[in-house]
Amino acid sequence: MAQTVVLKVGMSCQGCVGAVNRVLGKMEGVESFDIDIKEQKVTVKGNVEPEAVFQTVSKTGKKTSYWPVDAETEPKAGAEPKAEAVTETKTEAETKTEAKVDAKADVEPKAAEAETKPSQV
């Protein structure tokens, strides 16, 4: 029975891709496979068992795990964390601005005190 197995494989260069390519090319039952280095995603189609594909790819020494089921909707979810990151950055900027305002508030009373002291002397 033909099925699709999707794995997350830690690949950082074309050598990593080549290693995964070699082991999958030799594996029985594999009809096709796609290796996406950017997403570190390997999709294997064919008459294969998921555990056999996992073990074969693991032999390359690359960190291998099954692709999370929730990740299929990742492009939609991927936009949300970026928006949160922007919000966090704005919050950090606002915090820095508030800190500057507080610093000025601390300086102003001291300046007022300094002005008062010469008047009292």
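## Buried face of helix α2

In this predicted model, helix α2 has four residues listed as buried: Val53, Phe54, Thr56 and Val57. Buried means under 20% relative accessible area, exposed means over 50%, and partly exposed lies in between, with a 1.4 Å probe and protein chains only. The four residues cover an arc of only 165° around the axis, so they sit on the same side of α2. That arc is taken from the directions that run from the helix axis to the C-beta atoms.

The buried residues of α2 pack against β1 (3-9), α1, β3 (41-46) and β4 (64-66). Contact here means heavy atoms within 4.5 Å. Helices (H or I, at least four residues) and strands (E, at least two) are DSSP runs, numbered from the N terminus.

## Packing of α1 on α2

Helix α1 spans residues 14-26 and helix α2 spans residues 50-58; they pack at an angle of about 135°, and their axes are 9 Å apart. Therefore α1 is oblique to α2. Angles under 35 degrees count as roughly parallel, over 145 as roughly antiparallel, 65 to 115 as roughly perpendicular and the rest as oblique. Axes are lines fitted to C-alpha atoms, for helices over the stretch in contact, and angles run from 0 to 180 degrees between N-to-C directions.

The crossing of α1 and α2 is right-handed. A crossing is right-handed if the near helix is turned clockwise from the far one by less than a right angle, and left-handed if anticlockwise. Val20, Val23 and Leu24 of α1 meet Val53, Thr56 and Val57 of α2 in this contact. By class, the contact has 5 nonpolar residues, 1 polar residue and no charged residues. Ala, Val, Leu, Ile, Met, Phe, Trp, Tyr, Cys and Pro count as nonpolar, Asp, Glu, Lys and Arg as charged, and the others, Gly among them, as polar.

## The chain as a whole

The protein chain has 3 helices and 4 strands, in the order β-α-β-β-α-β-α from the N terminus. Of its 121 residues, 21% are buried. Among contacts with a separation of 6 or more, 62% are between residues 24 or more positions apart.

Val42 lies in strand β3 and is buried, with a relative accessible area of 0%. Val42 touches residues that include Val5, Val6, Leu7 and Val9, as well as Val20 and Leu24, not counting residues up to four places away in sequence. Val42 and Lys8 are 34 residues apart in sequence and 6.3 Å apart in space, C-alpha to C-alpha.

Gln40 lies in the loop between β2 (30-36) and β3. Its phi is near 55°, a positive value in a residue other than glycine. Most residues other than glycine have a negative phi. Gln40 is partly exposed at 25% relative accessible area, and touches Leu7, Lys8, Val9, Gly10, Met11 and Trp67, not counting residues up to four places away in sequence. Asn21, in helix α1, is partly exposed at 37% relative accessibility and touches Phe33 and Ile35, not counting residues up to four places away in sequence.

## Basis of the values

Residues are numbered from 1 along each chain as its sequence is written, and side-chain values use heavy atoms, with hydrogens and water left out. Local features need pLDDT of at least 70 and side-chain atom pairs count only at pLDDT 80 or more, whereas totals for chains, interfaces and linings use all residues.
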